[in-house]
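Biologist: I have a model open and would like to learn how to read it. Could you walk me through it, one feature at a time?

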Amino acid sequence: MAELTAYEGNDAEASKATMEKITSLAKRRGFVFQSSEIYGGQNGAWDYGPLGIELKNRIAQAWWKEMTQMHDNIVGLDAAILMHPRVWEASGHVENFTDPLVDCKKCKARFRADQIPPENLEKKICPECGGELTDVRKFNLMFKTNIGPVDDSSSIIYLRPETAQGIYVNYKNIIQSNRMKIPFGIAQIGKAFRNEIVTKNFIFRTCEFEQMEMQYFVKSGTDMDVFEDWRNQRWSYYERLGIKMDHLRWHQHGPDELAHYAKVAFDIEYLFPMGWRELEGIHNRGQYDLSRHQEYSGKDLNYIDQDNNNERYIPNIIETSAGLTRNLLMVLCDAYDEEKVADKGDADDYRTVLRFHPKLAPITVAVLPLMKKDGLAELAQDIRKELKEDYSTDYDQAGAIGRRYRRQDEAGTPFCVTIDYDTKEDGTVTLRYRDSMKQERVPRAQLAAKIKQCIKDYKRGQ
Ligand code: ATP
């Protein structure tokens, strides 16, 4: 029945995901649009379209479940983006959250001093036009604005550059309200803002983005074991999401890379089309954050260990800090494939397919009537209604069935259900699998359960 039946393997050259292909597919299919596009676009900001928001929500849900539901001692939080300005003094962001910046006096190009060849910096020569460069100056990445009607230094407020501080300032509240005992964690997903100088590579580095951060509070002395445990857990998480493991690696921060707060830091890097780049950081932040907030707020932030003679101490913090929007880019790149398929009787052809884990796919099931007529469309709508309760569904009755499968492949829909004349006779439908393009007849009554099992058993490449 379907036009696409034979699978002839991958063509290595054609399978290559480039940033241009990903960006163009993302726009074409409604994953990600440029912000304010009709006005020429806003640098560093992107909008998530109908498929993009579904994918982003599912990535967030997978992370949230992993952190909270699967860990008895981790709870959630949603702190405000606007925080007391003293928070950013205590955290060290006002003083240290800077990039070294140089400008070209001639062509006006702006560079991060650590990203241009050292000889250009030394001789103050612009790498673009050969013009003269300015001295290096520190550029703070925090967005500053004013709150209230008065526009002076007393009304300065920052858009948070990370979600972590919202967790630290609530750590005592959460211990008290939820009777948490060390070790315990607090997880949060939310927006963060950084005035990034270089924002190329699509949504990789943006000025407005989302983070998924978990801060784990432990007693000093146990911190390195817990740190190693979290490194293992975060690695295994990506493996369970079906990410290509040969596209992931560890990078340990050397002494001059370590952030002002960090004791030890490892990044999980992903092989993006432009090369290996940070996906998530796992940091041992020591006692830095809570000690600083204790000092700046004047509030006692010691943990009191009631099971141990009321011993008082400032906990160490192990942080896992992942970009949600950067994860979305990673998932898109990782899922992207072009594959040679042979149409029945036709010449060789290619299909573009997004091999998302079914848990992450924006649409789980597409319902397709073979024809609009003879009651097949109504029957298909009926079946869609049954599936809606459990799955996100799509319905498509336009064009040849082979072309409709291709459209779903490109959106990463793992299952298509086709309704034909036999469905009317014997109540079976065709279930078509995105990755293998295999098809099988399944009784309508067993469809929802069958899909559920397939999602549970899903292994990449099968
Ligand atoms: P970089 O050195 O790349 O600027 P960072 O080391 O400062 O990043 P962290 O502060 O550790 O990054 O942030 C944790 C995570 O948040 C990163 O691993 C990344 O996934 C995400 N992230 C950070 N900055 C951005 C950004 N500008 N756009 C999108 N995601 C970001």
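Predicted model: local features only at pLDDT ≥ 70, side-chain atom pairs only at ≥ 80, totals over all residues.

Biologist: Where does Gly52 lie, and which residues is Gly52 in contact with?

Modeller: Gly52 lies in helix H2, residues 50-69. Helices (H or I, at least four residues) and strands (E, at least two) are DSSP runs, numbered from the N terminus. A contact means that two C-beta atoms, placed from the backbone, lie within 7 Å. Leaving aside neighbours within four places in sequence, Gly52 is in contact with Gly30, Phe31 and Val32. On the other hand, 38 Å separates the C-alpha atoms of Gly52 and Cys126, which are 74 residues apart along the chain.

Biologist: And how confident is the predictor?

Modeller: Look at pLDDT, the predictor's confidence in each residue, from 0 to 100. Here the chain has a mean pLDDT of 93, and 95% of its residues reach 70 or more. Over residues 1-15, though, the pLDDT is below 50, and this stretch has 35 contacts in the model beyond near neighbours in sequence.

Biologist: What does the whole chain look like in numbers?

Modeller: The secondary structure comes to 14 helices and 24 strands. Along its principal axes, the C-alpha trace spans about 75 × 65 × 45 Å. Buried residues make up 35% of the 462 residues. Among contacts between residues at least 6 apart in sequence, 64% join residues at least 24 apart.

Biologist: How is the chain divided into domains?

Modeller: Domain bounds come from an automatic or database domain assignment. That assignment gives domain 1 (19-82 + 160-332), domain 2 (98-140) and domain 3 (363-457). The C-alpha centres of domain 2 and domain 3 lie 56 Å apart.

Biologist: How should I read a nonpolar core?

Modeller: In soluble globular proteins, nonpolar side chains tend to be buried together. A nonpolar core is a set of buried Ala, Val, Leu, Ile, Met, Phe, Trp, Tyr and Cys residues joined through C-beta atoms within 7 Å. The largest one here has 81 residues, and Leu328, Leu329, Val331, Leu332 and Val417 touch the most other members. Helix H10 gives the largest share of this core, 8 residues. Domain 1 and domain 3 each contribute at least three residues to this core. Apart from it lies another core of 5 residues, including Cys104, Phe111, Cys126 and Leu133.

Biologist: Which residues does Asp334 touch?

Modeller: Not counting residues up to four places away in sequence, Asp334 touches Ile243, Lys244 and His247. Asp334 is in helix H10, and counts as buried because 25 C-beta neighbours lie inside 10 Å. The C-alpha atoms of Asp334 and His247 are separated by 8.4 Å, although the two are 87 residues apart along the chain.

Biologist: Now the ligand. What surrounds it?

Modeller: A residue is near a molecule if its C-beta atom, placed from the backbone, lies within 6 Å of it. The ligand is surrounded by 16 residues, and the closest are Phe209, Gly281, Ser321, Gly323 and Arg326. Strand S11 (208-218), strand S14 (275-286), strand S17 (316-323) and helix H10 (324-335) each supply at least two residues of the shell. The largest share, 4 residues, comes from S14.

Biologist: Is Asn309 buried or exposed?

Modeller: Asn309 is exposed, because it has 7 other C-beta atoms within 10 Å. Lys124 is partly exposed, with 15 other C-beta atoms within 10 Å.

Notes
Residues numbered from 1 in each chain as written. Buried ≥ 20, exposed ≤ 12 C-beta atoms within 10 Å, placed from the backbone.
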